[in-house]
Amino acid sequence: MIEGIASITVGEETFVAGAGDTATGPAFIAHRFTNVGDGVLRIIGIHASATIIQTFLDED
């Protein structure tokens, strides 16, 4: 997390993170970042693989 406040969900776990925090999730586990602050959310995504497979899940 570079800037802002995010609600982060990895699998069934949800938590709030801010600048300086990190979140790690295993491959093939659904995850999401939601801006819950008043300002800009800036994050850096690091992937261990050269190939990124992205699937958008339907939101209810």
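Biologist: Is Phe 33 buried, partly exposed or exposed?
Modeller: This is a predicted model, and Phe 33 lies in strand E3. Buried would require under 20% relative accessible area, and exposed over 50%. The value for Phe 33 is 39%, so the residue counts as partly exposed.

Biologist: Which residues does Phe 33 touch, not counting residues up to four places away in sequence?
Modeller: Val 16 is 17 residues from Phe 33 along the chain, and their C-alpha atoms are separated by 9.5 Å. A contact needs heavy atoms within 4.5 Å. With sequence neighbours up to four places away set aside, the residues that Phe 33 touches are Ser 7, Ile 8 and Ile 43.

Biologist: Ser 7 is on that list. Is Ser 7 buried or exposed?
Modeller: Ser 7 has its place in strand E1. Beyond four places in sequence, Ser 7 touches residues including Thr 14, Phe 15, Val 16, Arg 32 and Phe 33. The relative accessible area of Ser 7 is 16%, and the limit for buried is under 20%, so Ser 7 is buried.

Biologist: In what order do the strands of the sheet lie?
Modeller: The protein chain has 0 helices and 3 strands, and along the sequence the pattern reads β-β-β. The 3 strands form an open sheet with antiparallel pairing. Their order in the sheet is E2-E1-E3.

Biologist: Which strands stand at the edges, and why is one side of each left without a neighbour?
Modeller: Each edge strand has a single partner strand, so one side is left without a neighbour in the sheet. From one strand to the next, the twist averages 20 degrees. The edge strands are E2 (13-18) and E3 (31-35).

Biologist: Over how many bridges do E1 and E2 pair?
Modeller: E1 covers residues 5-10 and pairs with E2 in the antiparallel sense. Ala 6 stands opposite Ala 17 in E2, and Thr 9 has Thr 14 as its bridge partner there. The number of bridges between E1 and E2 is 6.

Biologist: Which residue takes a positive phi in the hairpin of E1 and E2?
Modeller: This hairpin has 2 residues between the strands. The positive phi is near 65 degrees, and the residue that takes it is Gly 11.

Biologist: How many salt bridges does the structure hold, and which residues form a salt bridge?
Modeller: Side chains of opposite charge can pair when their charged atoms come close. The structure holds 1 salt bridge.

Biologist: Leaving aside neighbours within four places in sequence, which residues is Arg 42 in contact with?
Modeller: Ala 19 is 23 residues from Arg 42 along the chain, with 8.7 Å between the C-alpha atoms. Once neighbours within four places in sequence are left aside, Arg 42 is in contact with Met 1, Ile 2 and Glu 3.

Biologist: Which residues make the nonpolar surface patch?
Modeller: Ile 46, found in the segment after E3, counts as exposed because its relative accessibility is 76% and the limit is over 50%. The patch covers about 350 Å². Its residues are Ile 2, Ile 44 and Ile 46.

Biologist: For the whole protein chain, what percentage of the residues is buried?
Modeller: The C-alpha atoms fill a box of roughly 30 × 30 × 15 Å along the principal axes. The chain exposes about 5,200 Å², of which carbon and sulfur atoms supply 54%. Of the 60 residues, the buried share is 13%.

Biologist: Among contacts between residues at least 6 apart in sequence, what percentage joins residues at least 24 apart?
Modeller: The Glu 3 and Arg 42 pair spans 39 residues in sequence. Over the protein chain, the share of such contacts that join residues at least 24 apart is 42%.

Methods
Residues are numbered from 1 along each chain as its sequence is written. This is a predicted model: local features need pLDDT of at least 70, side-chain atom pairs count only at pLDDT 80 or more; totals for chains, interfaces and linings use all residues. Side-chain values use heavy atoms; hydrogens and water are left out. Two strands pair if DSSP finds at least two bridges between them. Helices (H or I, at least four residues) and strands (E, at least two) are DSSP runs, numbered from the N terminus. Axes are lines fitted to C-alpha atoms, for helices over the stretch in contact, and angles run from 0 to 180 degrees between N-to-C directions. Patches are made of residues with over 30% relative accessible area and no salt bridge: like charges are joined within 9 Å, nonpolar side chains (Val, Leu, Ile, Met, Phe, Trp, Tyr) within 5 Å. Accessible areas come from the Shrake-Rupley method with a 1.4 Å probe; for residues, only the protein chains shown count as cover. A salt bridge is a side-chain nitrogen of Lys or Arg within 4 Å of a carboxyl oxygen of Asp or Glu. Buried means under 20% relative accessible area, exposed over 50%, partly exposed in between (1.4 Å probe, protein chains only).
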